[in-house]
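Here is a short briefing on charged side chains that pair up. Look at the structure first, then read on.

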Amino acid sequence: MTRVSRNFSDTVEKEALPAVSADVIFASSRFPNYKIGAYNHIVNVKGDPKVLSMKEIVARETALLLEQQNRLSVRDLANKFEKGLAAAAKLSEEARLREAASLEKHVLLKKLRDALESLKGRVAGRNKDDVEEAIAMVEALAVQLTQREGELIQEKTEVKKLATFLKQASEDAKKLVDEERAFARAEIENARAAVQRVEEALQEKEQMSRASGKQDLEELMKDVQEARRIKMLHRPSKVMDMEHELRALRVQLAEKSKHSLLLQKELARSKRVEENLSHLYELDGAEVLGSYLRIKPCSDIAPELSKCAIQWYRISSEGGKKELISGARKSVYAPEPFDVGRILQVEIIYDGQLIMLTTTGAIDPAAGLGNYVEALVRKHDVEFNVVVTQMNGVDQPSESIHVLHVGKMRMKLREGKATIAKEYYSGSMQLCGVRGGGNAAAQALFWQAKKEFSVVLAFESERDRNAAIMLARRFAFDCNIMLAGPDDRASLGT
């Protein structure tokens, strides 16, 4: 069994609350010139020719100590106390087991001594001397056992004190955590209440402004009508002409209304046909960068997609400009960084009938991708592990790992030490996400290094694929080159 140390309580307290400047030696009558670095290490600094006053030194040391003390959060303190309490409980259990074993040893020694005493009266001579020596050894063992019991009792007392201290400290830490949590909840509720008050005030102000604007407009219209009436009273001939014109306009309006009713009925019929067609398919998938969208039939009478003509478009959320995505003619499309903030639309043509499906909103950016790209921009050259699935339009059966280098001036593709392609950013270079290709489209991109060389690369994750596209376009833009896919430069106005 593990022996309980007498200084265990001091050790636990030191681990729970580490001393900040325990290893500092004051070599003179004034405060030493040092700094506390990472992991509580003391960092010596060069002597400053300007001697600080004692008040400034004390203030600086106090600020440093408070800053380091605040690093130990209340939750960490509670966890340390919980660990110490568990260790004390374990030691207490070990002490209890040793106490039970010690009691059993006492009983065995007593029985052994009684047996030897009874044997002593039955033997004589040398055997009697051996029995007396054995009795003396048993008594010596009993004395040692008694001393050991005394040590165990003292250790048990210390362990109990330590367990009581740690339990109280753990309760205090839990109380602090509860208080901080309650305080944080109260702050959140106050913030929510303040936001709600501000929203209510803004809504009330908007309603008042609308009501006042409407009232001013009605008063202005009344003034204009009154002015027109007064003016007409002074020109009766014009009033007659206006009455004739009004009758003619009423006749024309009646004819137009009949024609409008006919058009509305025809429009309603066409809408019913379009609604029946639009319910044949739906877009399935998350509308976020890093996922893919799939045209999913939702009716048994829906025609097979292989027999339909498909074309994907991106629509600007501001001006509503519709841009064709060249090459996106599959039932699956994986959004790329150009599509973020835009609405995607797909047209399905079957037997002369047009079916249009649109995303519910603009494509959202991937979480954390922007910060990841900003971190990569600081590097001169970034490497990505890829697999070449196509080269110049021909499928590649080999799945060997290649490395794609995205640099500030050029891009390079290599396999081991052999360079397959290395080109500087230029107007003939194209880079975009793969437009089609099933579930793996979100992890693949199309790169045309030059007019006679193009590859389709599959990345390890969607994040790496989108980061490579954004990073290459960022570096190319710094070189006054707009790096995009086929026909994307025209839609971007370049």
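Arg-474 is partly exposed, with a relative accessible area of 33%. Its salt-bridge partner is Glu-374. Keep in mind that this model is predicted. A search of the whole structure finds 11 salt bridges.

**Arg-474 and Glu-374**
- The two side chains meet at 3.1 Å, N to O.
- Arg-474 sits in helix H7 (residues 462-478), and Glu-374 sits in helix H6 (residues 369-377).
- The pair links distant parts of the chain, 100 residues apart.
- Glu-374 has a relative accessibility of 38%, so this residue counts as partly exposed.

**Glu-336 and Arg-435**
- Glu-336 and Arg-435 form a salt bridge of 3.7 Å, N to O.
- Glu-336 lies in the loop between strand E7 (332-333) and E8.
- Arg-435 lies in the loop between strand E15 (430-433) and strand E16 (444-450).
- The pair therefore ties together parts that are 99 residues apart in sequence.
- Are these two residues buried or exposed? Both Glu-336 and Arg-435 are buried.
- Salt bridges with shared partners join Glu-336, Arg-435 and Arg-473 into one network.

**Lys-322 and Glu-347**
- The side chains of Lys-322 and Glu-347 meet in a salt bridge of 2.5 Å, N to O.
- Lys-322 belongs to strand E6 (residues 322-324), and Glu-347 belongs to strand E8 (residues 342-350).
- The two residues are 25 residues apart, and the pair links distant parts of the chain.
- Lys-322 is partly exposed, at 39% relative accessible area.
- Glu-347 is buried, because its relative accessible area is 13% and the cut-off for buried is under 20%.

Technical notes: Residues are numbered from 1 along each chain as its sequence is written. This is a predicted model: local features need pLDDT of at least 70, side-chain atom pairs count only at pLDDT 80 or more; totals for chains, interfaces and linings use all residues. Side-chain values use heavy atoms; hydrogens and water are left out. A salt bridge is a side-chain nitrogen of Lys or Arg within 4 Å of a carboxyl oxygen of Asp or Glu. Helices (H or I, at least four residues) and strands (E, at least two) are DSSP runs, numbered from the N terminus. Buried means under 20% relative accessible area, exposed over 50%, partly exposed in between (1.4 Å probe, protein chains only).
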